[in-house]
Amino acid sequence: MEIIKLSKEEMRRFLVTYQGLCAGKQFAGKEGVLEFIKRVGCVQYDPLDVVGRNADLVLQSRIEDYSERMLYDLLYKDRALVDGWDKMMSIYPASDWPYFKRIRKIKDQEIKWVFKHRHYSNALDFVDEIHEFIRKNGAVQPSAIDFGSAGKGTWRHKRLSSAAMDYMYNIGILGISEKKNTQKVYDLIERLLPAGIIKQEDPFDSDDDFCKWYVKRRIGSIGIYWERNGGGWLGYFLEDKNLRIKMLAKLSEEGEILPVEIEGLEKEKFYIRKEDLSVLNSLEENVGDRVAFLAPLDNMLWDRKLVKDIFGFDYSWEVYVPAGKRRYGYYVLPVLCGDRFIARFEPEMHRGNDPLRIKNWWWEDGFVPDGDTIDRIKEAYAAFCGFLGADGLYEMTSPIR
């Protein structure tokens with residue numbers, strides 16, 4: 001089989017184009033949100049909200065005039081998207097819900113083990129009662145039902161009702177009807193998704209068939225991805241390197257994925273999905289110089305080593321790093337210009353229509369901005385403030401010069 005050979009520059013241009021980050025946003029409106037998420041399979045959800053939650057930050061960098069309401073409506077009104085477990089907590093197309101039956105089965109076993117380990121397995125005794133309550137009364141928050149405390153401790157549910165409903169959600173009995181801030185409101189899954197999706201049989205005859213689909217899908221979450229261990233392979237089944245290599249070989253034999261070699265990284269095996277060749281074959285010589293602020297858990301940043309090897313950008317999310325050991329800050333956003341990371345910044349927590357305040361701004365080593373770059377950054381800030389609903393442009397303790 002012929003190997004596709006790319007330079008690092010070509011790889012960068014492909015990733016930026018494929019991820020919808022090149023000049024001129026490729027996607028617009030709710031239709032654009034759906035189109036992008038279908039392309040990459042999922043976007044990662046994280047409840048932390050400093051200047052927007054991760055999924056919204058991913059989308060604001062790609063969708064023209066994006067607002068959080070677009071994603072909310074697609075999830076909880078249109079039901080075109082669904083909250084689920086993919087690459088950690090994620091948002092993916094509702095049409096993919098039947099494909100994740102094996103993940104929900106694993107979650108069943110895993111959560112029962114966790115409950116036993118944390119000494120509140122009795123939460124499972126209330127599953128039938130909760131099911132009947134919701135059937136009669138409609139969607140509810142866990143706080144509306146009181147079966148007592150689940151105990152105290154880090155990473156524990158406070159209420160037995162919360163533990164039981166989280167279990168029911170993870171195995172597919174309940175779905176999220178809506179969210180009030182980060183608080184889930186649960187309803188029976190058959191009330192939230194079409195019957196054709198709920199009743200669909202498992203599309204796969206075996207674990208191997210599922211894993212082939214899942215491996216190929218995850219390559220598409222990034223665009224071109226390597227065989228080695230990395231953040232892009234986080235999740236059930238995919239973290240098993242031997243299984244993954246076996247599936248990659250099968251997919252390659254079947255022509256579903258094609259081998260790619262990156263100049264300077266010849267020891268690594270890369271792959272691209274056959275359906276994404278059209279993007280690769282139509283690459284422009286220049287992806288432009290649009291400035292975008294990326295989410296900490298952006299699809300393109302899932303594998304930190306890949307980003308460092310291809311872009312020369314050394315980035316880590318330091319939220320869980322003790323303050324004294326952080327290189328930069330608590331919540332730092334990368335700044336992409338064209339196919340190059342030029343800076344990163346730490347915003348202050350934003351609420352309401354207050355101005356966006358920037359605590360710190362760091363240019364990448366060796367990058368010297370010119371006037372045009374500063375102007376494009378200010379344009380990006382204006383758009384970012386529009387997404388946040390911030391009043392005016394921005395305020396900075398360390399102004400961009």
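Me: How many aromatic pairs are there, and by what rule?
Reply: A pair of aromatic rings is described by the distance of the centres and the angle of the planes. Rings of Phe, Tyr and Trp (its six-membered ring) pair if their centres lie within 6.5 Å; planes under 30 degrees apart count as stacked, over 60 as edge-to-face and the rest as tilted. The count here is 36 aromatic pairs. One of them is Tyr99 with Phe204, edge-to-face at 5.5 Å centre to centre and 75° between the planes. This is a predicted model, where local features need pLDDT of at least 70, side-chain atom pairs count only at pLDDT 80 or more, and totals for chains, interfaces and linings use all residues. Residues are numbered from 1 along each chain as its sequence is written, and side-chain values use heavy atoms, with hydrogens and water left out.

Me: Is Phe204 buried or exposed?
Reply: Buried means under 20% relative accessible area, exposed over 50%, partly exposed in between (1.4 Å probe, protein chains only). Phe204 is buried, at 10%, and Tyr99 is partly exposed, at 24%.

Me: What kind of pair do Phe345 and Trp361 form?
Reply: Phe345 and Trp361 are stacked, with 5.5 Å centre to centre and 15° between the planes. Phe345 is buried at 0% relative accessible area, and Trp361 is buried at 11%. Both rings belong to one aromatic cluster, whose members include Tyr66, Phe293 and Trp363.

Me: Where does a charge sit over a ring?
Reply: The criterion is NZ of Lys or CZ of Arg within 6 Å of the ring centre and within 35 degrees of the ring normal. Lys179 has its charged end over the ring of Tyr45, 3.6 Å from the centre. Arg104 lies over the face of Trp97, at 3.6 Å from the ring centre.
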